[in-house]
Amino acid sequence: MKKILTLCFVCLACFAYSQETATLALSNDSKLTISKYIYGQFAEHLGHGIYGGFWVDKDLPVEKQDRIRLDIVNALKKIKIPSLRWPGGCFADEYHWRDGIGPRDQRPRMVNTNWGGTTEDNSFGTHEFLELCSLLGTEPYFAANVGSGTVEEMSKWIEYTNSNSGSTIAQLRKQNGHPEPYKVTFWGIGNESWGCGGNMTPEFYANEYKRYAAFAKNYPGAPLKKIASGPNSDDYNWTEVIMKDIPTWDMWGISLHYYTVPTGDWGHKGSATKFDEKEYFETMERCLKMEELVTKHAAIMDKYDPKKNVALVVDEWGVWTDVEQGTNPGFLYQQNSLRDALIAATNLNIFNNHCDRVKGAALAQTINVLQSLILTDKEKMLLTPTYHIFDMYKVHQDAKYLPMQLTSPDYVSGDKKLPAVNVSASQDAAGKVHISFANLDLHNDIKISTSLKDIKWKSVTGQILTSANITDVNTFDKPNTISLKDFKGAKKDGDNLVVTLPAKSVVTLELF
Ligand code: AHR
């Protein structure tokens with residue numbers, strides 16, 4: 001890769017900026033689709049994700065349906081979230097769904113032992129969640145309680161949501177105000193069963209899965225997509241045992257959880273807003289580990305499922321930092337910077353490029369928790385840089401995957417380096433090609449020359465997300481510091497596309 005040094009004669013000081021170059025070759029020789037479910041979200045009963053997030057006090061001065069905040073619903077509808085995982089997380093394995101139906105003032109209360117020891121009043125239960133999904137136009141993804149529940153409890157939850165029969169449990173749903181079955185198809189069989197979900201060995205869990213799955217019944221119009229509790233990060237043995245012991249016909253997917261922890265130290269994870277270049281660099285190294293994880297777990301799955309029928313569902317991912325000062329440590333509330341936008345874009349590029357196996361994912365977590373799309377402070381709300389990445393990337397949902405070859409310059413920091421650029425691309429049903437680039441380099445613009453074999457196009461438009469500083473955030477006082485802008489740095493040069501990607505930016509181009 002060539003480095004161009006340009007002397008700046010304006011100030012006559014010996015100031016130089018440099019521009020790196022990269023090449024990209026795109027082809028449309030593919031039969032793969034980027035599943036929209038890669039763009040899924042996760043909302044747990046944790047901190048102000050549900051209570052004070054989606055579900056607010058009836059007196060809060062915002063537009064609501066029942067107690068669901070409609071400004072949030074409208075913002076999320078814009079980015080087309082395809083699925084929403086609920087009620088946890090670790091919370092799922094202590095959640096008993098029967099506590100969350102019927103008259104709200106009679107619902108039992110419980111203590112949320114995982115997250116801050118708050119009192120859970122169960123006012124947000126099955127019907128409220130499914131009403132939220134219907135308002136969002138999104139598919140529900142339930143995580144069933146395997147850790148402290150029973151097979152009967154899970155089986156009846158499925159019957160309650162999906163059966164149209166005369167059974168007592170189906171009648172109960174009707175009495176509770178929903179005559180038609182909800183037809184919930186995504187069911188997670190437990191969560192993190194190697195940890196908060198029961199500290200199981202993979203062998204024990206595989207047996208449990210089969211027992212639970214046997215009683216997870218299909219009802220008319222609602223064939224289940226059962227998702228096994230998968231590995232923690234690089235626990236490859238977990239994947240091996242699950243794939244070996246559970247028949248592939250009985251499992252729609254297997255989950256994978258991996259968080260980007262800036263320092264790599266769970267005791268001191270690093271701040272969401274105050275970090276230097278060294279910590280930024282290490283964070284991006286840890287973020288890029290997702291590529292290795294997906295590749296290696298997929299290779300194990302290939303041994304048992306060469307036709308790739310079982311999905312890898314990365315249903316918890318994102319950056320996990322220390323909480324904001326003065327907030328409850330059990331609520332996992334963190335700000336969201338331009339760095340987090342680069343993390344989101346890089347992960348989504350990885351998932352898009354592995355769409356042969358990665359057919360679902362869920363960012364943790366939608367509102368006010370970890371890498372959020374939205375932050376709220378009473379009636380105020382803001383869209384985070386991560387939200388804007390999901391807005392920019394929604395064009396890839398259910399589009400044809402375009403394979404590529406990329407040669408990227410290195411982003412060098414001290415004696416370490418990593419690929420500065422990552423990319424993914426797709427073609428939508430109308431024939432428009434979308435290419436998403438992330439430039440992780442904090443200092444260098446990168447000029448990318450792209451050849452597009454067999455792809456006809458005449459014009460290019462684009463959007464960019466960047467800001468003056470990598471630590472920049474949106475605040476309630478200045479909610480638009482980071483937002484999508486038109487991008488003018490791409491042009492046609494013969495048959496090639498030439499793009500100049502600014503340092504620390506994410507760009508999506510549309511070719512038509
Ligand atoms: O997303 C926060 C927590 O992280 C989830 O509850 C759990 O599944 C994971 O460990």
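F186 is buried in this predicted model, with a relative accessible area of 4% (buried is under 20%, exposed over 50% and partly exposed in between, using a 1.4 Å probe and protein chains only). Since the model is predicted, local features need pLDDT of at least 70 and side-chain atom pairs count only at pLDDT 80 or more, while totals for chains, interfaces and linings use all residues. Residues are numbered from 1 along each chain as its sequence is written, and side-chain values use heavy atoms, leaving out hydrogens and water.

The search of the whole structure turns up 27 aromatic pairs. Here, rings of Phe, Tyr and Trp (its six-membered ring) pair if their centres lie within 6.5 Å; planes under 30 degrees apart are stacked, over 60 edge-to-face, and the rest tilted. F186 pairs with W252: the ring centres are 5.4 Å apart and the planes sit at 75 degrees, so this one is edge-to-face. The pair ties together distant parts of the chain, 66 residues apart, with F186 in strand β10 and W252 in the loop between α6 (236-245) and β12. W252 itself is partly exposed, at 25% relative accessibility. Ring pairs also link up a cluster whose members include W55, W86, F124, W157 and W187.

W187 also has a bridge partner, K226 in β11. Strands β10 (residues 186-189) and β11 (residues 225-228) run parallel and are joined by four bridges; strands and helices here are DSSP runs, E of at least two residues and H or I of at least four, numbered from the N terminus, and two strands pair if DSSP finds at least two bridges between them. Both strands belong to a closed barrel of eight, with parallel pairing and the order β3-β6-β9-β10-β11-β12-β13-β14. From one strand to the next, the twist averages 30 degrees. Helix α7 (residues 277-304) lies across β12 (253-260), β13 (311-319) and β14 (358-364), and runs at about 160 degrees to β12. For such angles, axes are lines fitted to C-alpha atoms (for helices, over the stretch in contact), and values run from 0 to 180 degrees between N-to-C directions.

The loop between β3 (40-42) and β4 (64-65) holds D57, which is exposed at 55% relative accessible area. Setting aside neighbours within four places in sequence, D57 is in contact (heavy atoms within 4.5 Å) with K64 and R67.

The other sheet is open: six strands pair antiparallel in the order β17-β21-β22-β28-β24-β25. Its edges are β17 (400-401) and β25 (485-486), each pairing on one side only. Two bridges connect β25 to strand β24 (residues 460-465) in the antiparallel sense, with Q463 opposite D486. Helix α8 packs on this sheet, touching β17, β21 (421-427), β22 (433-439), β24 and β28 (505-511), and its direction makes about 55 degrees with that of β21.

What about helix-helix packing? Two packed helices are described by the angle and the distance between their axes. For α8 (residues 338-353) and α9 (residues 385-393), the axes come within 8 Å and cross at roughly 35 degrees. By class, this contact has nine nonpolar, three polar and one charged residues (Ala, Val, Leu, Ile, Met, Phe, Trp, Tyr, Cys and Pro count as nonpolar, Asp, Glu, Lys and Arg as charged, and the others, Gly among them, as polar). Among the residues that meet are L338, A341 and L348 in α8, and I389, F390 and Y393 in α9.
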